[in-house]
Amino acid sequence: MGHSHDHNHAHGANKKVLLISFFIISAYMIVELFGGIITNSLALLSDAGHMLSDAISLGVGVLAFSLGERAANYSKTYGYKRFEILAATFNGITLIVIALYIFYEAYNRFTNPPVVASNGMLIIATIGLLVNIFVAWLLMRRGDTKDNLNMRAAFLHVIGDMLGSVGAIIAALLIMFFNWGWADPLASVIVAVLVLISGWRVTKDSIHVLMEGTPRNIELKEIISKMKQIDGIINIHDLHVWSITSGHHALSCHAVVDERLTVKESQILIKRIEDELHHMGIGHVTTQIESIDQLHENSILCKTNAGIIEHYHAHSH
């Protein structure tokens with residue numbers, strides 16, 4: 001019950017922080033867009049483009065949390081919690097596309113550097129940096145940027161923005177003092193590289209969840225070891241661990257037990273398994289109890305992960 005309360009509290013805090021950040025970023029994105037057009041700075045325009053992806057990221061994030069609050073139904077038995085991961089995937093892909101576009105624009109500017117209004121560029125980039133620092137602080141201090149993929153995606157967007165603003169400031173100073181016109185596209189390329197890395201990481205992590213891969217903070221060997229230490233359990237097989245959404249893990253397995261156990265003792269055993277796994281961060285557990293003569297050969301992990309899970313073929317009392 002306490003775990004559920006904490007999850008709901010974190011969920012509400014994340015949603016509120018995303019909403020505040022969305023309004024701040026959206027407002028300054030418009031300022032930076034017009035500033036980039038007026039000063040003819042690709043560094044500012046690339047940062048504004050990144051800020052647009054931030055605004056989309058934050059907006060979709062708020063929508064994801066809102067949809068995630070909907071109750072489960074016969075059509076969607078887990079509710080809409082997985083939408084949060086779809087939002088993170090979308091954010092990651094958006095970052096990659098924006099990075100590729102900046103590379104393309106920067107190439108054109110390297111071959112033909114335009115005149116840039118460096119004074120205006122410096123002022124807008126400096127204010128942009130302060131805005132990004134504030135939003136990054138807000139997300140890190142009030143939101144769960146460590147375990148929640150959606151929050152982490154939004155946070156990485158803002159960090160990329162912050163570095164983009166730093167790049168634009170340096171480029172503006174180089175143009176002002178040394179008249180180095182190529183500094184503007186160079187700054188945008190550096191931003192694009194950082195954006196590309198962030199986008200790739202978020203996309204990779206979210207696709208891992210969509211593919212129902214084992215959560216990164218869950219160690220299968222440790223789970224098997226803990227479960228096999230419980231009295232009455234002979235072996236564990238057909239084990240699957242996956243994430244429904246960030247911080248919401250599920251597990252299903254077959255537990256081979258001593259055939260002399262009564263139904264009541266088997267139920268107590270299942271409760272012990274659930275308690276043990278709950279402490280390891282797995283909230284949804286499904287355990288099928290089997291006796292030794294019910295063992296079968298067609299379960300996925302029995303064949304594919306023989307090195308991880310030992311499959312008993314014989315048993316003697």
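K271 and D275 are separated by about one helical turn, because they stand four residues apart in helix 8 (residues 263-278); helices (H or I, at least four residues) and strands (E, at least two) are DSSP runs, numbered from the N terminus. This is a predicted model, in which local features need pLDDT of at least 70 and side-chain atom pairs count only at pLDDT 80 or more, while totals for chains, interfaces and linings use all residues. Residues are numbered from 1 along each chain as its sequence is written, and side-chain values use heavy atoms, with hydrogens and water left out.

K271 and D275 form a salt bridge whose closest N and O atoms are 2.9 Å apart, the term meaning a side-chain nitrogen of Lys or Arg within 4 Å of a carboxyl oxygen of Asp or Glu. K271 has 47% relative accessibility and counts as partly exposed, and D275, at 36%, also counts as partly exposed (buried is under 20% relative accessible area, exposed over 50%, partly exposed in between, with a 1.4 Å probe and protein chains only).

## A salt-bridge network around D205

The structure holds four salt bridges, and a network of such bridges links R152, D205 and R216. In the R152 to D205 pair the side chains meet at 3.1 Å, N to O, and this pair connects distant parts of the chain, with R152 in helix 5 and D205 in helix 6, 53 residues apart. R152 is partly exposed at 22% relative accessibility, whereas D205 is buried at 11%.

R216 also forms a salt bridge with D205, the closest N and O atoms lying 2.7 Å apart. R216 itself is exposed, with a relative accessible area of 66%.

## Nonpolar cores

The largest nonpolar core has 34 residues, of which L18, M121 and L139 touch the most other members; such a core is a set of buried Ala, Val, Leu, Ile, Met, Phe, Trp, Tyr and Cys residues joined through side-chain atoms within 4.5 Å. Helix 1 (2-39), helix 2 (42-68), helix 4 (118-142), helix 5 (149-178) and helix 6 (183-210) are the elements that give two or more residues to this core, and helix 5 gives the most, with 10 residues. Apart from this core lies another, of 20 residues, among them I230, L239, L251 and M280.

L18 has contacts (heavy atoms within 4.5 Å) that include L58, V62, F65, L139 and A154, when residues up to four places away in sequence are not counted.

## E32 in helix 1

E32, which is found in helix 1, is buried, with a relative accessible area of 0%. With residues up to four places away in sequence left out, E32 touches L44, D47, A48, M51, I124 and S165. E32 and I124 are 92 residues apart in sequence, but their C-alpha atoms are 6.6 Å apart in space.

## The strand hairpin

Strand 1 (residues 233-245) is mostly covered, with 12 of its 13 residues buried. Strand 1 runs antiparallel to strand 2 (residues 248-257), and nine bridges join the two, where pairing requires that DSSP finds at least two bridges between the strands. One of the bridges has S243 and, in strand 2, its partner H249. The two strands form a hairpin with two residues between them, and G247 in the turn has a positive phi of about 75°.
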